[in-house]
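My plan is to look things up one at a time and write down what I find.

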Amino acid sequence: MDLKEHYQKIKKILLGILALNWLVALAKILLGVITRSASITADGFHSLSDGASNIIGLIGIKVASKPKDEDHPYGHRKYETFFSLGIALLLFIIAVNLFREGFNRIFNPVTPTVDIRSFAVMLTTLLINLAVMRYELKKGKALTSDILISDAMHTRADIFITISVILGLVVIKLGAPILDPIITIIISLFIAWSGLKITRQSQAVLVDTAPIVDMKKIVDVVISVKGVKACHKIRTRGRPDDIYLDLHVQVNPDMHMETAHNISYQIENAIKKAIPGICDVVVHMEPKDRCIHSNK
Ligand SMILES: [Zn+2]
Ligand SMILES: [Zn+2]
């Protein structure tokens with residue numbers, strides 16, 4: 001299966017899940033508005049934001065399959081990271097609105113109607129989420145797709161939120177409507193938290209935080225190439241699945257240029273083979289013990 005076909009398959013799965021997420025969101029938001037339940041509406045907005053995270057996946061896949069070009073010599077992968085910041089912003093806006101709604105309702109209580117419709121809609125959407133999660137996990141593993149697997153994990157977390165809303169409905173029905181705004185506030189905090197998590201991961205990639213901190217494996221691979229005496233100044237940057245690496249390698253001072261050049265190629269290939277995610281290696285060759293760069 002070639003790369004394009006592979007992405008095409010993931011795209012189809014994500015589109016299907018996006019449609020289901022938004023269907024679930026629509027059902028919950030409508031139900032929440034009709035029955036005046038803030039917690040159901042909040043859960044609905046959460047499902048809406050899950051659709052947004054499917055869109056990041058789709059954009060990611062779209063740019064991931066776009067080749068390097070003249071003005072993007074390092075490729076377009078970071079656009080996925082950049083777009084995910086937009087999704088985080090959306091999550092913060094939703095979180096603030098829900099929090100305000102929940103907070104207001106504590107002081108101006110609205111008693112939601114809890115009837116058979118509430119349970120029917122919430123249980124149906126719960127079943128849809130369960131099916132989506134299992135399907136996504138299975139496909140994600142079969143296609144070794146990080147996007148699908150992490151989205152499945154997210155869906156799993158959401159299932160707990162929906163369960164808590166359903167349990168809340170039971171308690172509201174039993175006569176404690178105060179639980180409705182409290183669950184709303186808790187959901188708003190969950191949404192803000194996922195926005196924070198996306199922001200943290202994205203900024204790490206955008207400011208070139210080292211994706212690989214443990215250099216031992218890299219050093220071992222480099223040293224094992226015949227002719228290499230030492231290596232230092234190893235730097236890595238980029239997304240975990242799109243890592244750029246550069247390093248200094250020391251060889252015998254009287255080594256022939258052609259041999260040194262061959263060694264740099266061997267190093268590049270050995271590193272790419274040993275460590276998944278590394279897509280580019282730049283080797284700076286120097287004679288043994290004669291590094292002129294001041295900082296280690
Ligand atoms: Zn979610
Ligand atoms: Zn050096």
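**Entry 1: the zinc site**

I began with the metal. Along the chain, the donors of the zinc ion (ligand 2) follow the spacing H-x15-H-x37-E-x4-C. I noted what counts as a donor: an N, O or S atom within 2.8 Å of the metal, or 3.2 Å for Na, K and Ca. Water is not among the atoms, so sites may look incomplete.

Which atoms coordinate the zinc ion (ligand 2)? I listed H232 (NE2), H248 (ND1), E286 (OE), E286 (OE) again and C291 (SG), at 2.1 to 2.6 Å.

Next I placed H248 and C291 in the chain. H248 is in strand β2 (residues 242-251), and C291 is in the segment after β3 (278-287). The two are 43 residues apart, and the pair links distant parts of the chain. Helices here are DSSP runs of H or I with at least four residues, strands are runs of E with at least two, and both are numbered from the N terminus.

Are these two buried or exposed? H248 is buried, with a relative accessible area of 8%. C291 is partly exposed, at 26%. The cut-offs are these: buried is under 20% relative accessible area, exposed is over 50%, and partly exposed is in between, with a 1.4 Å probe and protein chains only.

**Entry 2: where the model comes from**

I wrote down the ground rules. This is a predicted model, where local features need pLDDT of at least 70, side-chain atom pairs count only at pLDDT 80 or more, and totals for chains, interfaces and linings use all residues. Residues are numbered from 1 along each chain as its sequence is written, chains are lettered from A and ligands numbered from 1 in the order in which they are written, and side-chain values use heavy atoms, with hydrogens and water left out.

**Entry 3: the whole chain**

I counted the elements next. The chain has eight helices and three strands. Read along the sequence, they follow the pattern α-α-α-α-α-α-α-β-β-α-β.

Then I looked up the dimensions. The C-alpha atoms fill a box of roughly 85 × 40 × 35 Å, taken along the principal axes. The radius of gyration of the chain is 25 Å, while a compact globule of 296 residues would have one near 19 Å. That radius is taken over C-alpha atoms, and the globule rule is 2.2 Å times the number of residues to the power 0.38. Of the 296 residues, 41% count as buried.

**Entry 4: two helix pairs**

I took α3 (residues 78-107) and α6 (residues 179-206) to start. Their axes come within 8 Å and cross at roughly 160 degrees. That makes α3 roughly antiparallel to α6. Their contact holds 20 nonpolar, nine polar and three charged residues. The crossing is left-handed.

I also looked at α7 (residues 216-223) and α8 (residues 257-274). Their axes come within 9 Å and cross at roughly 140 degrees. The two helices are therefore oblique to each other. This crossing is right-handed.

My notes on the terms:

- Axes are lines fitted to C-alpha atoms, for helices over the stretch in contact, and angles run from 0 to 180 degrees between N-to-C directions.
- Under 35 degrees is roughly parallel, over 145 roughly antiparallel, 65 to 115 roughly perpendicular, and the rest oblique.
- A crossing is left-handed if the near helix is turned anticlockwise from the far one by less than a right angle, and right-handed if clockwise.
- Ala, Val, Leu, Ile, Met, Phe, Trp, Tyr, Cys and Pro count as nonpolar, Asp, Glu, Lys and Arg as charged, and the others, Gly among them, as polar.

**Entry 5: positive phi**

Two residues went on this page. R36 has a positive phi of about 55 degrees although it is not a glycine. R36 lies in the loop between α1 (3-34) and α2 (38-64). R36 is partly exposed, at 44%.

K233 is not a glycine either, and its phi is positive at about 50 degrees. K233 sits in strand β1 (residues 230-239). Its relative accessible area is 25%, so K233 is partly exposed.

**Entry 6: some distances**

H284 is in strand β3 and counts as partly exposed at 34%. The C-alpha atoms of H284 and I166 are separated by 61 Å.
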